[in-house]
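I opened a new model today and kept notes as I went. The entries below follow the order in which I looked things up.

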Amino acid sequence: MAEVMNKELSRRGFMMRAAALGLAVPAVGALLSACNGDEEEEAVSAAASSDDDHDADDHVAAADDDGPSADAVRVAKDPADIPGPIDRSEPEHVLVELETVELDGWIDEETSFRFWTFNGTVPGPMVRVREGDTVEVRLKNADDSQHPHNIDLHSVIGPGGGGYVTTVAPGEEAAFEFKALYPGVYIYHCAVPHIPTHVGHGMYGLIVVEPEEGLPPVDKEFYIVQGDFYTDLRPNQGGHASWDGDAQFREQPNYVLFNGMFAGATGEHTMTAEVGDRIRLFVGNGGPNLISSFHMIGGLIDVLHREGQAEATHNVETTLIPAGGSSWMEFQMDVPGTYVLVDHSLGRAIDKGAIATIEVEGPDNPEIFNPLDD
Ligand SMILES: [Cu+2]
């Protein structure tokens, strides 16, 4: 019985995902159907005819009859919504103002969840400073928050990364300064106990510390942060999902997401580029628990600054991004089409949502990729 229920839920999820994604994004639709086609149908009927009679699966909540929150808004951060490159040759004093906001948002197109955020999005804003800058971080906790919050930036050399001195109750504000000594790309996150619960509600983002000489110019830059979400509902069940602390303890998330929403950066929210563009991705992993096997289907990372290190590695297919870690990478697509970014632990992509797309437009390039008719 439990197996039947799982299969049916999974199939329902597949149908909804196919409807939501496949029509708008043929490449994603093909991916999903390739992994959820007739074989699964056979498995469902085989399970249905079995004599096993287990109780209902206690890992899957019933669909929420009350429906999703009426207040749900889009919290998924647009990957293109980031500050531009640093354009100065001297260090400065930089003010970074962040507000912790708890709000109902869409974790998939049918399901809402109470997110805890920096500035109302997951991830929070990408902060961009220069090596040698003095950074003043001012953290406000919104008046209507239910929990204290703080910020620990991995670019900070100092106790708690700033967490101890920024713990603020609802309606309060705190601030500190730090010197950005080391160029790289770093996670920031809330570190109020119970920390996995705060991070698991979406409280993370990236801070980029550009080297003194800056980063090489590129045509496009995007910002993606993966996170694992522990909810009582599975993707696309519909309704309002609640936090599942037991699932967090067991490290078994129902959602694994780029930018806080199931396939949030696909379809009308896809990233876009032209054939031949140099593209830079800043990719982080907020966790709280899983590591990411970050991969681009049909592409290759030709310049990889693994974990933000100064020296680049070249021609990498899949790169590990630890929980609480990040990388920046560059590549170009010389052939037009849809490129799908995934966590290559593929169940997390296909079933749990860690998918994003880059739509590349421009002339065909048969010398590099040439489908043959015969
Ligand atoms: Cu918090």
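**Elements.** I took helices (H or I, at least four residues) and strands (E, at least two) as DSSP runs, numbered from the N terminus. On that basis I find 6 helices and 19 strands in the chain.

**Ground rules.** I number residues from 1 along each chain as its sequence is written. The model is predicted, so I need pLDDT of at least 70 for local features and 80 or more for side-chain atom pairs, while totals for chains, interfaces and linings use all residues.

**Burial.** I place C-beta atoms from the backbone and call a residue buried if 20 or more other C-beta atoms lie within 10 Å of its own, exposed if 12 or fewer, and partly exposed in between. Buried residues make up 44% of the 374 residues in the chain.

**Contacts.** I count two residues as in contact if their C-beta atoms, placed from the backbone, lie within 7 Å. I took the contacts with a separation of 6 or more. Of these, 74% link residues 24 or more positions apart.

**Core.** I define a nonpolar core as a set of buried Ala, Val, Leu, Ile, Met, Phe, Trp, Tyr and Cys residues joined through C-beta atoms within 7 Å. The largest one has 81 residues, and L206 and F282 have the most contacts inside it. I then listed the contacts of L206, leaving aside neighbours within four places in sequence. They include P123, M126, V185, Y223 and F282.

**Strand β2.** I checked residues 111-118 next. In β2, 7 of the 8 residues are buried, so the strand is largely enclosed by the rest of the structure. I call two strands paired if DSSP finds at least two bridges between them. Strand β1 (residues 93-106) runs antiparallel to β2, with 7 bridges. D104 stands opposite R114 there. S112 has H240 as its bridge partner in β10.

**Five-strand sheet.** I traced an open sheet with the order β12-β19-β18-β14-β16 and mixed pairing. The twist averages 25 degrees from one strand to the next, using lines fitted to C-alpha atoms as axes (for helices over the stretch in contact) and angles from 0 to 180 degrees between N-to-C directions. β12 runs parallel to β19 (residues 355-361), joined by 4 bridges. A273 faces V360 of β19 in this pairing.
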